[in-house]
Amino acid sequence: MVSANAQVAAPGVKARFTPGSFIDFEVDNLGNMYVLSNDGRLKKINDAGDSLAVFNDVRRYGKISYIDVTNPLKILLYFQEYGTIVMLDRFLNNINSIDLRKFNLFQVKSIGLAYDNNVWIYDELEGKLKKIADDGSLISETTDIRQLTDSVPDPDLLMDQGGLVYLYDSLQGVFIFDHYGGFQRFLPLRNWQHFTVIDNTILGWEGHYFLKYTEKTGEEAKQEIPAYCLPAIKIVVRPDNIYVLKTDGIYVFKNG
């Protein structure tokens, strides 16, 4: 489990650098990076910097909208333009795909892996959080969320962590549900970049500051981002390393 109290590296202590023109990346709980190139190729790189696998079936599916590496053995790729979820194994081999349009799901912006290895989606047309199986069949769904809250979610991200499901809308805040789809609460945490949840602590960043919200206490905190990390397209903090995506590649600094 990643510690939510991880601190950033000492200045100038660089572990490695992966050059390239990347538009996004993710890091799994084993320290593997999944880097997305401008040409749509997805490459898996281990913590030693070695390339392990490549997924480049972009002609078939188009542009990757979202990468979920919650489970390194079952990676989810979402191609929003075609309403398709592709599942990969640890070697980035395609093991399954779901065409959401075949199930009359035409307005799905956010998806995420569920704790039981099924898939959460947010159906914007019906305003419902739904869990589907690998064959696309419906397992469960919430009532219309628009009847439960004062706002209509337009989530940028959907995440299942620590016994809860988070729908994050950067313009409004975070809508939190239990594993059964029961609405728990709303937190007005707006404009957080790269929202994530670790140990029931919400993390992100905005501008020159790391942001942190502790759910148990309701305490908000921020820490200045070290100058050597900026400017950054994306930052991911882990216990051993801090990963920084810049225009020329991904810098990995030792953490502490």
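Because the model is predicted, local features are reported at pLDDT of at least 70 and side-chain atom pairs at pLDDT 80 or more, while totals for chains, interfaces and linings use all residues. Residues are numbered from 1 along each chain as its sequence is written, and side-chain values use heavy atoms, with hydrogens and water left out.

The protein contains one helix and 24 strands, where helices (H or I, at least four residues) and strands (E, at least two) are DSSP runs numbered from the N terminus. Along the principal axes, the C-alpha atoms fill a box of roughly 50 × 45 × 25 Å. The radius of gyration, taken over C-alpha atoms, is 18 Å, which agrees with the value near 18 Å for a compact globule of 256 residues (the globule rule being 2.2 Å times the number of residues to the power 0.38). Of the 256 residues, 51% count as buried; buried means under 20% relative accessible area, exposed over 50%, and partly exposed in between, with a 1.4 Å probe and protein chains only. Among contacts (heavy atoms within 4.5 Å) between residues at least 6 apart in sequence, 36% join residues at least 24 apart. The accessible surface comes to about 12200 Å², of which 47% belongs to carbon and sulfur atoms; these areas were computed by the Shrake-Rupley method with a 1.4 Å probe, and for residues only the protein chains shown count as cover.

A search of the whole structure finds 15 salt bridges, each defined as a side-chain nitrogen of Lys or Arg within 4 Å of a carboxyl oxygen of Asp or Glu. In one of them, Lys74 pairs with Asp134, with the closest N and O atoms 2.9 Å apart. Lys74 is buried, at 10% relative accessibility, whereas Asp134 is partly exposed, at 32%.

A salt bridge also joins Arg101 to Asp99, with a closest N to O distance of 3.0 Å. Arg101 has a relative accessible area of 37% and is partly exposed.

Glu126 and Lys130 form a further salt bridge, at 3.2 Å from N to O. Glu126 is partly exposed at 32% relative accessibility, while Lys130 is buried at 7%. Both residues belong to a network of salt bridges that links Asp123, Glu126, Lys128, Lys130 and Glu141.
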